[in-house]
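Hi,

Here is the structure I promised to send over.

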Amino acid sequence: MFNNLQEFYNFIPMILIGAGILISVSVELFSKKNLVFMSWFSIILFFVVGMVSLWTIDAKSVILQNMVATGGYVNIFYALFNFTAMIVCLLSIEYLKKYDALFGEYYILLQTSVLGMMLMAAAKDLFVIFLGLELMSVSFYVLAGINRKRANAIEASLKYFLLGAFATGFIVYGIALIYGTSQSTSIDIIASKFIELSGNLLFISGVLLFLIGFSFKIAAFPFHMWVPDVYQGSPSTISAFFSTAGKTAAFSAIIVSFFALFSSGATKIITPFLSVIAVFSMFFGSIVAISQTNIKRMLAYSSISNAGYLVIGLAASNSEGIAGVIFYLTAYSLMNLGAFGIVSIIESKEEKNLDIYDYSGLSNKQPLLAGLLSLLMFSLAGIPPFAGFFGKYYIFMAAIKSDLTILAILGVLSSVISVYFYLRLVVIMYFKESENSLEISQSNTGLIALFISCLLIVVLGIFPGSFLSIINSAL
Amino acid sequence: MENNFLLTYLIFTPLIGSLIILSVKNEKTELIKNLGLFFSIITFIVSLIIYFSFDSNNSDFQFIHKFKWIDGINVFYFVGIDGISLLLILLTTFITPLTLISSWSSIEHKVKEFTFFMLLLETGMLGVFASLDLFLFYIFWEAMLIPMYFIIGIWGGRERIYAAIKFFLYTMLGSLLMLVAIIWIAVYSVNILGGFTTDFTELLKVAPTITRDLQIWMFLAFGLSFAIKVPLFPFHTWLPDAHVQAPTAGSVILAGVLLKMGTYGLLRFNLPLFPDATILMAPYISILAVIGIIYGALVAMVQTDMKKLVAYSSVSHLGFVVLGIFAVTTESIQGAVIQMINHGLSTGALFLLVGVIYERTHTREISEYGGIAKVVPFFAFSLLFASLSSIGLPGLNGFIGEFLILLGSFKSGVLNSWWFTVFAASGVIFAAVYLLWMYQRVAFGELKNPKLEKLTDMNSREIFVLIPIFIFIVWIGIYPSTFLNLSEKAVKKVIYQVNNPINVSNILEK
């Protein structure tokens, strides 16, 4: 399997998480009641894998018969998935009690989905992407409906499954067409033939089908229909996970499959397609979010709109664009983890307190949560000096460098629209008085998770330089 | 070059103060107020140190502090000032402690948050005036919206939410287009300098080489952002709402300093960066400025609400400043700079006085008043004094600014028509009409409203706030050279940069 010991070392993050899954499954088999162990074991596992990934970031290699890449930006994605999952676990400890879903499977499924994501980010072959995608998606379908007693969770799960399977179909069909025309599933070989095959209608249809399938996964317009319902119906912590790690994983798959093309500029062929998706996602998400009153639906539409900004980075098809996408994905993950985290803390037992007007006067009742949520909203709206601003700045810069100034202009216009609904939450929390009282169960682990996210948002916003240089050296 | 840390101390002292205040318990309001005042006074002292060691014979940027901030995109933390920014910094550090004193008793709930946001706002404003890297400038420019938004939204009047959101969205729309333009220029600089940069002193060599057609787009993107802030007619509609709804301290800061950021931005960035576009666009912008002068004055005349009247007078007065800037003569721009300070002092004083009377009567309707000169002589005198200063009575500050602007625009080669001056001059007359008429209705006549008989005059705290402002109003009116000398070299440099864009690119080739 491994040609030498070095390859084995490079593969350690994946091995660790695999071993972690086996341990968790065994523990779950033999001791049913051990949720405390499961949660903290997962947190430590994700933390360790994340750290190891960052540690071995320089170990760039392609191993396992050209199937999997290691090191470089792959490891940045590893770290992102794992730290996101760690924060989700921290948020889940108290939330699961409220949500009445004290199952050990919850944590095991988080681990398997992370393994799937890591496979997607590391793939050097279309089959590995598919393998990872399915591993992640199937775990997600179950996680969405983890509490069998809740009708809307089942609905979300089923909707996600049906539409997800449909999208997977697109991807498989795309892969089949690509294989049929290029006689290979190896990404490197396909990339080297890309220019020569770009006149071939079947090949281009394959590429577009592949992209359409992933547009579904990144929640871009017009493949976004599942997003609001699934985010609303799923447990809040799982919505947080979908919107952050799930989106990041789908982007990582797009990046790994097109990475070789970006430097040669061959992706200019798909730039028009990406530009259209970007513009419609941004405006559709921002405009529809204005009319939402359920906070989870609002965040779902914000997720669609943010997919648009990220696609601008892909459309720019230069290394700044990719660096911008990775930076913004990091910032966006932190912001959404924070926002959904606060939602999960404020949410009451029977899934109440999810309307934005339930947040009225939060600044008097919970000044800390209100302050943090405002910080997150300002960051999502792209106001400096927070990480969200810098991510957008970098993506717009990449777009202008590739002569896509019009995309940058449309991007900022959509930002202005989105400011309205992000700020509405701040208005409600600070400028409105509340009629009813809000009972909030304190969650210390949840607060730790929030502090980590918010602190990183401020630090990444004011000193983006060091993280940026890590990304740039990894590309 | 040696780094000078004074400006950095100046900018971040209020920020440190605000963080310290955040750690104080909510209940200790007296301590919080004192701490806020303490830090704003320290900031003022630092700005005085800068003033005394400033070399007004040097046209270059001084007190430079520069280091690489974000490596990947070559962004510097780069601050430095010339005479123009020094004057505005002094205005900011001077006004902020006064507003804190003025709101000593009028802000009763959430004192901690209020002081916190006021200090945060001061850091933002000082950062805007001192930044010499466009990225840094943009950060301060946008970040400053957050505290102002909360100040209007939490402590404002009845329609405060509407006003706060309108203020935020309007400003954001303009500034985001400026962001695109900033990135565009920085990307363009790669072709010429060989590297991506947002360093203003470097871009001064790059931007004038952009073709005129593209310069116009850049000029408009920057200009829109600044024009909304000024506000230049027809982008002024957010201003009356924001002013009327904001608490007194917010109005004073808004009129006194925030609006100046727009005119400062036009003068600092639009003129030297896009000289060709400036010369082409100057008449059109000046037409808008003159419309603003007359329109603002006419609308002010029919207001029944005192605060709204003062707010519309701002539109009119800032029209003068914009006209002065785009006439591009030494006199007119000097006049514009001094008029920025004047407006900060006079309108600031007017807003403070409206706040003083509103605190007692809870109404700003002019018709509710009448004959209060007999009951509250101190107040009546102060209101007259501030009004006369705003009208431009010779011997007070307003006259100097308006006279220089009218003189400069009359002989301006860029505008090349004396009609601008003729129409603008009518604004001076209108100002006398609406302010004196307002004064007459408020202070003179019969004391009809029985509630007003028990009106108490200004207390020592309120008088104490106004005295320093009045001193400067007289000082500028009688001996403006103290202030004009500071900015003269910087203004002449801007004019040189506008008139000799070709020379700028010659320097580059060497």
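Predicted model: local features only at pLDDT ≥ 70, side-chain atom pairs only at ≥ 80, totals over all residues.

Let's start in chain A. K159(A) and E155(A) pair up through their side chains, with 3.2 Å from N to O. Both belong to helix α7 (residues 151–182), and because they are four residues apart there, about one helical turn separates them. E155(A) has a relative accessible area of 44%, so it is partly exposed. K159(A), at 29%, is partly exposed too.

Over in chain B, E488(B) bridges to K492(B), and their closest N and O atoms are 2.9 Å apart. These two sit four residues apart in helix α19 (residues 481–499), about one turn of the helix. Both ends are partly exposed: E488(B) comes in at 28% relative accessibility and K492(B) at 41%.

Back to chain A for a moment: salt bridges with shared partners link E155(A), K159(A), D229(A) and R297(A) into one network.

The last one is K33(B) with E30(B), where the closest N and O atoms are 4.0 Å apart. They are three residues apart in helix α2 (residues 29–52) of chain B, so again about one helical turn lies between them. Is K33(B) buried or partly exposed? At 15% relative accessibility, K33(B) counts as buried, while E30(B) is partly exposed at 43%.

Cheers

Conventions
Residues numbered from 1 in each chain as written. Chains lettered and ligands numbered in written order. Heavy atoms only, no water. Buried < 20%, exposed > 50% of the residue type's maximum accessible area, 1.4 Å probe, protein only.
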